Amino acid sequence: MPGTYIVSDLRRAGFEKVDFGWGNAIYGGTAKAIPELASFYIPFTNKIGEDGVVVQFCLPAPAMERLFKELEGMLKG
């Protein structure tokens, strides 16, 4: 439907626990994002074992630059 945007929560889907025989998964989520149509909440664990959530999204280049500056300012205090 025109104007529809999907947000899907994949945090409990268990993709990160699938064993293909070559070690622990690094990423467990969708193979390809569809930034114009959907975002997915995907579980993530960083190198020091902290759990978090990755939310993929797509913005025009000027908006990404602005977001980067805003986040940088927030993270630096």
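Glu70 makes a salt bridge with Arg66, and their closest N and O atoms sit 3.3 Å apart. A salt bridge here is a side-chain nitrogen of Lys or Arg within 4 Å of a carboxyl oxygen of Asp or Glu. Why do Glu70 and Arg66 end up about one helical turn apart? Because the two are four residues apart in helix 1 (residues 61-76).

Before going on, a word on the ground rules. This is a predicted model, so local features need pLDDT of at least 70 and side-chain atom pairs count only at pLDDT 80 or more, while totals for chains, interfaces and linings use all residues. Residues are numbered from 1 along each chain as its sequence is written, and side-chain values use heavy atoms, with hydrogens and water left out.

By the salt-bridge rule, the count comes to two. The other pair is Lys76 with Glu72, whose closest N and O atoms are 3.6 Å apart. Lys76 and Glu72 are likewise four residues apart in helix 1, which puts about one helical turn between them. In general, side chains of opposite charge can pair when their charged atoms come close.

| Residue | Relative accessible area | Class |
|---|---|---|
| Arg66 | 56% | exposed |
| Glu70 | 42% | partly exposed |
| Glu72 | 33% | partly exposed |
| Lys76 | 69% | exposed |

Now zoom out. The protein has one helix and three strands, and along the sequence they follow the pattern β-β-β-α. Helices (H or I, at least four residues) and strands (E, at least two) are DSSP runs, numbered from the N terminus.

The three strands form an open sheet in the order 1-2-3, with mixed pairing. Strand 1 (6-9) and strand 3 (51-55) are the edge strands, each pairing on one side only. On average, neighbouring strands of this sheet are turned by 25° against each other, direction ignored. Those angles come from axes fitted as lines to C-alpha atoms, for helices over the stretch in contact, and run from 0 to 180 degrees between N-to-C directions. Two strands pair if DSSP finds at least two bridges between them.

Tyr5 sits in the segment before strand 1 and is partly exposed, at 39% relative accessible area. Together with Val7, Tyr41, Val53, Val55, Phe57, Leu59 and Met64, Tyr5 makes a nonpolar surface patch of about 680 Å². Patches are made of residues with over 30% relative accessible area and no salt bridge; like charges are joined within 9 Å, and nonpolar side chains (Val, Leu, Ile, Met, Phe, Trp, Tyr) within 5 Å. Phe15 lies in the loop between strand 1 and strand 2 and is partly exposed at 38%. Its C-alpha is 8.3 Å from that of Ala25, ten residues away in sequence.

Technical notes:
Buried means under 20% relative accessible area, exposed over 50%, partly exposed in between (1.4 Å probe, protein chains only). Accessible areas come from the Shrake-Rupley method with a 1.4 Å probe; for residues, only the protein chains shown count as cover.
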